[in-house]
Amino acid sequence: MARELNNRTIVITGGNSGIGAATAVACARVGMDVLLHGRDEERLAAVAEEVRQLGRRVALVAGDVTEPGLNERLLDVAETELGGFYAVFANAGYGFKKPAHELSMDELRRLFEVNFFACYELVATAARRLIATQRPGHLLMCSSGLAKFTLLNFSAYSATKAAQNHVCRAMRWELRRHDIEVASVHPITTRTDFFLRTGEERDASIDPAQAYRHVPRWLLQKPETVANAIVRCLRRPVPEVWTSLLARTAAGLITIFPRLADVMGRRIR
Ligand SMILES: NC(=O)c1ccc[n+]([C@@H]2O[C@H](COP(=O)([O-])OP(=O)(O)OC[C@H]3O[C@@H](n4cnc5c(N)ncnc54)[C@H](OP(=O)(O)O)[C@@H]3O)[C@@H](O)[C@H]2O)c1
């Protein structure tokens, strides 16, 4: 049976841009209230206004996901201002492109802090609160197609996303008896600010018209496509949210035949 989403609250990190923003709007459309998080407060206010226009309540928290206490604060604000939370989408993250042997340990640690440790902490904290109050819930992390295979120069990014994928799978089994669903989300290349950043920060020198030039069309999608797939998963839980059957099939084949990855790695950069 489909899960009721009306009047339930979702907490979304990185909700002021791209996939997070599209998910906030898609959730509001199906009657959910939103605890919206991001760093850039102007963008945060703009997405919040879209949610309000859809007749839903929204609360805002700004800050870096690696700030000590930020994750607790997100859940506290959801509880005090929106009466609790049902779903959490740990989505804030960034891409990082460099050959593995050239990565500094600081770069690698920062990427894991944002893409993995912060998401892990949020989802685990939310699980403990739901269990303590015997509430059902749904916890999601924004992983990537690159959790299953990697590309040239994306070793560290893929490692963070694969780590999310494994944690979600184990948590899914661990939390089932508490009526808490867990899923990882595996977008393919999505037209967001992801490729307009150098590391974590937006880079004005990157031309948006050129940013996705290297990506084959079958690998490019809109953030709304991911957002709608997430809403479908909230309604009818699945272990992994995929938006491309082709990418999913490729991921499966590469796992069985690793040499195929060599061919793909040469074609997609
Ligand atoms: N776009 C793709 O092709 C693609 C494919 C697979 C997976 N993903 C994943 O999708 C997720 C969302 O990315 P997107 O594509 O929507 O890109 P985006 O438009 O660049 O959004 C990234 C979001 O993460 C936030 N963020 C980044 N670092 C942060 C930090 N240290 N603290 C707090 N917030 C931080 C950003 O906040 P500010 O805007 O305030 O900086 C922004 O809201 C990421 O986890 C990414 O790895 C993206």
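Modeller: Residue classes come first: Ala, Val, Leu, Ile, Met, Phe, Trp, Tyr, Cys and Pro count as nonpolar, Asp, Glu, Lys and Arg as charged, and the others, including Gly, as polar. On that basis the shell around the ligand holds 10 nonpolar, 13 polar and nine charged residues. The model is predicted, with pLDDT of at least 70 required for local features and 80 or more for side-chain atom pairs, while totals for chains, interfaces and linings use all residues. Numbering runs from 1 along each chain as its sequence is written, and side-chain values use heavy atoms, leaving out hydrogens and water.

Colleague: Which of the 32 residues around the ligand come nearest?

Modeller: A residue is near a molecule if one of its heavy atoms lies within 4 Å of it. Here Asn16, Ser17, Tyr157, Thr192 and Arg197 come nearest.

Colleague: Which polar side-chain atom lies 2.7 Å from an oxygen atom of the ligand?

Modeller: A polar contact is a pair of N or O atoms within 3.5 Å; within protein, one must be able to donate a hydrogen and the other to accept it, and residues adjacent in sequence count only if both atoms are side-chain atoms. In this case the side-chain atom belongs to Thr192. Polar backbone atoms also take part: one of Asn91 is 2.8 Å from a ligand oxygen, and one of Thr190 is 2.8 Å from a ligand oxygen.

Colleague: How much of the ligand does the protein bury?

Modeller: Accessible areas come from the Shrake-Rupley method with a 1.4 Å probe; for residues, only the protein chains shown count as cover. The ligand alone exposes 890 Å², of which the protein buries 98%.
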